[in-house]
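Thanks for making the time this morning. I would like to walk you through one part of a model, strand by strand, and then turn to a pair of helices.

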Amino acid sequence: MEFVKPEDILDIEGIQADFPILSREVRPGVGLVYLDSTATTQKPIQVISKMDDYYRMANANIHRGIHTLAEEATALFEEARGKVARFINAPSEKQVIFTRNTTESINLVAQTWGRAMLKSGDVIVLTEMEHHSNLIPWQMLAAEKNLQLEFIPVDADGYLDLDEYEHLLNLGPKLVSFTHMSNVLGTINPAKVITQMAQSSGAIVLIDGAQSVPHFPVDVQALNPDFLVFSAHKMCGPTGVGVLYGKKTLLDEMPPFLGGGDMIKSVELRSFSFNAVPHKFEAGTPAIAEAIGFGAAIDYLQYIGLDRIAAQEQVLVEYAIERMSEVPGVTVYGPAAKDRGGVTSFNVQGIHAHDVAQILDGDGIAIRAGHHCAMPLHEKLNIPASARASYYLYNSISDIDKLINSIYRAKKIFKI
Ligand code: C6P
């Protein structure tokens, strides 16, 4: 089979040179092959330098001081918010709230919108392929408020069962919350269809964009979710900063999340009034350097081009599935390459996923093994764990060839 090489789409070597960590050795003589970008991505020098510059030259608290550094830091922080807003085509920067990560963004919605708007007996629809971050916050709220949780099933090929979804909508859910792309199966869910169906039955929609926003263009005005959440660290940015995008009317009517500095308008000893969005939801000193680094990550991704990143990942995942399927005893979970992003979760018959990951690590290949924070999905697949190789803009065909060779080595060690 003839493959378009990722090198035909992107200058992979040039991109790899931007990521200092990719040139390190894991141990003497063993180079790093990083295939764990679904867990967190590596950071280009452009992001590292931007954060370093900030700490060297502009470090100050924001929204408080009137000295030069404070004003510069505030401007850089708010500039980053603008970059995020334009990246997802948000109508206004005010609709972009900085949180710590996807998990905190979902908890924010559950604890503010959910607590204020939902009442006993209300139905929430999730899917069987959710990450724990889009499961536990709703389970906690359901226990507190006596809500009913329902789940769109995943079929044997890793697709959501939309007929069953239609039935669930007859229950009149108040919220439909689903992952845009599965972190295990790689399935890219038909987010627009799911959103339209939910909204025409009167439900609010939250899209978990942790695995979609970093990998292909996501336009909130085209998709029209009520909420979209994602994390900087999965898109070449630093850890410690994430995003909650929301529709303005909803954000305005939601009560605040955490109380403290920056989220208030005025304070008396026994009462307070809160600030307007986005500050209403940003109590305390935020991750300033990280937000600024996030802005640099967005610049970097836009410079490379999200369309091209998606096209390159498509080539990689197609090649990976093809090569893995040739290895006797290897099962790859999830849909056809055309319907997924750069994720391949697999098992090698007779070898536990943790052992596979350990042997691969011996060859410098970093993958994740376990349940990937999606235990119910693994239960559904009837497996205790899987090994997962995932791909991003700095990966090449040769990384996948090394992965396959290492899988063969694992089989040899286990005499399979
Ligand atoms: N998945 C993985 O290895 P945080 O940790 O808050 O940045 O992201 C949580 C999260 C939410 N939704 C999806 C679909 C995700 O994939 C993740 C993070 C990583 O699969 C770390 S557990």
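F346 stands opposite A387 in strand 17, where strands, like helices, are DSSP runs numbered from the N terminus, a strand being E over at least two residues and a helix H or I over at least four. Before I go further, please keep in mind that this is a predicted model, in which local features need pLDDT of at least 70 and side-chain atom pairs count only at pLDDT 80 or more, while totals for chains, interfaces and linings use all residues. Residues are numbered from 1 along each chain as its sequence is written, and side-chain values use heavy atoms, with hydrogens and water left out.

Strand 14 and strand 17 are antiparallel partners joined over four bridges, and two strands are said to pair if DSSP finds at least two bridges between them. A387 also has A369 opposite, and there strand 16 runs antiparallel to strand 17, residues 386-390, over three bridges. Strand 13, for its part, pairs with strand 14 in the antiparallel sense over four bridges, with Y333 opposite S345.

Put together, this gives an open sheet of four strands in the order 13-14-17-16, with antiparallel pairing. Strand 13 (330-333) and strand 16 (368-370) are the edge strands, each pairing on one side only.

How is strand 14 covered, then? Six of its six residues are buried, which means under 20% relative accessible area, with exposed being over 50% and partly exposed in between, for a 1.4 Å probe and protein chains only. In a regular strand the side chains alternate between the two faces of the sheet. Here V343, S345 and N347 point one way from strand 14, whereas T344, F346 and V348 point the other way.

Helix 13, residues 353-362, packs on the sheet and touches strand 14, strand 16 and strand 17, contact meaning heavy atoms within 4.5 Å.

Let me move to the two helices. The axes of helix 4 (residues 68-87) and helix 11 (residues 288-304) come within 8 Å and cross at roughly 40°; axes are lines fitted to C-alpha atoms, for helices over the stretch in contact, and angles run from 0 to 180 degrees between N-to-C directions. That angle makes helix 4 oblique to helix 11, because angles under 35 degrees count as roughly parallel, over 145 as roughly antiparallel, 65 to 115 as roughly perpendicular and the rest as oblique. Among the residues making this contact are L76 and F77 of helix 4 and I292 and F294 of helix 11.
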